[in-house]
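Work through the exercises below with the model open. Each task is followed by a solution in steps.

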Amino acid sequence: MSSPTGPANGLPVRMPRPRPAGRHRRPEPAVAPEGAPALVLAVPGAPSAASRGLAEEIISIGRSELPGLDARIGFLEGDDAEGSEFPALSGVLTAVAAERVARAEFARAAGHEVPAPTGPDAVVVPLLAGPDADLLRRMRQAVMDSSAAAELAEVLGPHPLLAEGLHVRLSEAGLARADRARLFTVTTAADGIIVATTGGEEAVQVAGVTGMLLAARLAVPVKAAALDQEGSVAAVAEQLRSEGSTQLALAPYLIGPEAAEGLLDTACKEADCAAAEVLGAYSALGKLVVTQYSAALGITQGAAAH
């Protein structure tokens, strides 16, 4: 026989855990508003199966961050052929606009009242960690070449999550401790980091901001350099060595597709140092893509707080 406080044998009862109230209560996950513009991820560089797989993985993470999100992939150097594996950015935007019109016409034909569309047809999010002026100019041109009313969002950095990503990639390569709180040492850990990027002086400045966040995590000197500027990485390496660093590492401030093949290998040889992998499909990129989409639309959602 049981009692109001538990079973007769005195064993404890697992009671439902109350939901925390007030500021400790976890916010409900945001959902994309009905009829919200599509998110079109703009992928730079020569299209490939690898870059498509990378974009699909980032989009998948983005959809988990904002359920109901209509997300597409457009390649800056893609083609307009119907059913192409690598659809051009301008063609994807034109298709998004046409689908929006078709949905409205179908609803009217079914007797539904359809309000006039507000906001853009799509928000284009550049798959870029920093502001590459040439690539952004070409993305703007792709928007203009389409028939869509589209808005170009900001690039993904600088951001603490990108510094975290650089730290993870360095630790995976054995060039940094995985956890700064642990007291063990990594014998191959670098005592000076070069955060290298492409896209000109503004891109180097943005990489430098993320580099400062990385320096705070690793407690070692970090300086930014331009991969696509001859001698830049070697000069920064020489500066770090003159300041006392003896074991350098290169942390690519790149997602991957935006960099020309061979740039990283050449820079490592010039600077005589090891390198981590590019950011690639690091999970935080999906969050940042949704954050930039939401910021462009003025949507408040959980990813912005990560």
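**Exercise 1.** Determine how α1 and α8 are oriented to each other, and which residues meet.

Solution. Step 1: the axes of helix α1 (residues 49–65) and helix α8 (residues 283–297) come within 8 Å and cross at roughly 60°. Helices (H or I, at least four residues) and strands (E, at least two) are DSSP runs, numbered from the N terminus; axes are lines fitted to C-alpha atoms, for helices over the stretch in contact, with angles from 0 to 180 degrees between N-to-C directions. Step 2: α1 and α8 are therefore oblique to each other, the class left over once angles under 35 degrees (roughly parallel), over 145 (roughly antiparallel) and 65 to 115 (roughly perpendicular) are taken out. Step 3: the crossing of α1 and α8 is right-handed, that is, the near helix is turned clockwise from the far one by less than a right angle. Step 4: on the α1 side I58, I61, G62 and E65 meet S283, L285, G286, K287, V289 and V290 of α8, where contact means heavy atoms within 4.5 Å. Step 5: the residues of this α1–α8 contact divide into 5 nonpolar, 3 polar and 2 charged (Ala, Val, Leu, Ile, Met, Phe, Trp, Tyr, Cys and Pro are nonpolar; Asp, Glu, Lys and Arg charged; the others, Gly among them, polar).

The model is predicted: local features need pLDDT of at least 70, side-chain atom pairs count only at pLDDT 80 or more, and totals for chains, interfaces and linings use all residues. Residues are numbered from 1 along each chain as its sequence is written, and side-chain values use heavy atoms, with hydrogens and water left out.

**Exercise 2.** Describe the crossing of α4 and α5.

Solution. Step 1: helix α4 (residues 160–172) and helix α5 (residues 201–218) have axes that come within 8 Å and cross at roughly 55°. Step 2: α4 and α5 are therefore oblique to each other. Step 3: α4 passes α5 in a right-handed crossing. Step 4: P160, L162, A163, E164, L166, H167 and L170 in α4 meet T210, L213, L214, R217 and L218 in α5. Step 5: the α4–α5 contact has 8 nonpolar, 2 polar and 2 charged residues.

**Exercise 3.** Find the cis peptide bond and the positive phi in a residue other than glycine.

Solution. Step 1: most residues other than glycine have a negative phi, and most peptide bonds are trans. Step 2: G157 and P158 are joined by a cis peptide bond, with omega about 5°; P158 lies in the loop between β4 (150–152) and α4. Step 3: A219 has a positive phi, near 60°, and sits in the loop between α5 and β6 (222–226).
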